[in-house]
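This report looks at a single residue and then at the protein around it. Please keep the sequence and the model in view while reading.

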Amino acid sequence: MTTSGAAAHAESRTDAGNPLAAPDCVRFSASWRYTLVTSDCFDTHTVKVVYRDGTDVPCRLAPPGALITFPGYGTMGNEVLGVDLCDTGEGA
């Protein structure tokens, strides 16, 4: 699996003021076939991977200690930009 750049992507998305960016305790490792998302958080989050070409993937529940598999970036030059929190519609 390729891990280089994952932390840099997460930091740059958070630094850019993206209110949907997952917290630092959620990390990803992207390869052409799979994107692995891990949660070292104390709370459960609902997350999804964000792709440069706008590919839409379903949100997934990420409890503490979770390892979740999403599609990779493929062979057509796409890129995984980071992991966002999903709006679950709960609370205010």
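## Lys 48 and its strand

Lys 48 is found in strand E3, which covers residues 45–51, and the model in which it is seen here is a predicted one. With a relative accessible area of 23%, Lys 48 counts as partly exposed, because buried is kept for values under 20% and exposed for values over 50%.

## Surroundings of Lys 48

When neighbours within four places in sequence are left aside, Lys 48 is in contact with a run of residues made up of Asp 56, Val 57, Pro 58 and Cys 59, and also with Phe 70, Gly 82, Val 83, Asp 84 and Cys 86. One of these residues, Asp 56, also takes part in a polar contact, in which its side chain and the side chain of Lys 48 are paired at 2.7 Å.

Val 37 lies 11 residues from Lys 48 along the chain, and the C-alpha atoms of these two residues are separated by 8.9 Å.

## The protein as a whole

The protein has one helix and six strands, and these elements follow the pattern α-β-β-β-β-β-β when read along the sequence. Among contacts in the protein with a separation of 6 or more, 57% are accounted for by residues 24 or more positions apart.

Of the 92 residues of the protein, 34% count as buried. The accessible surface of the protein comes to about 5,600 Å², and carbon and sulfur atoms make up 55% of that surface.

How values were computed
Residues are numbered from 1 along each chain as its sequence is written. This is a predicted model: local features need pLDDT of at least 70, side-chain atom pairs count only at pLDDT 80 or more; totals for chains, interfaces and linings use all residues. Side-chain values use heavy atoms; hydrogens and water are left out. Helices (H or I, at least four residues) and strands (E, at least two) are DSSP runs, numbered from the N terminus. Buried means under 20% relative accessible area, exposed over 50%, partly exposed in between (1.4 Å probe, protein chains only). Contact means heavy atoms within 4.5 Å. Accessible areas come from the Shrake-Rupley method with a 1.4 Å probe; for residues, only the protein chains shown count as cover. A polar contact is a pair of N or O atoms within 3.5 Å; within protein, one must be able to donate a hydrogen and the other to accept it, and residues adjacent in sequence count only if both atoms are side-chain atoms.
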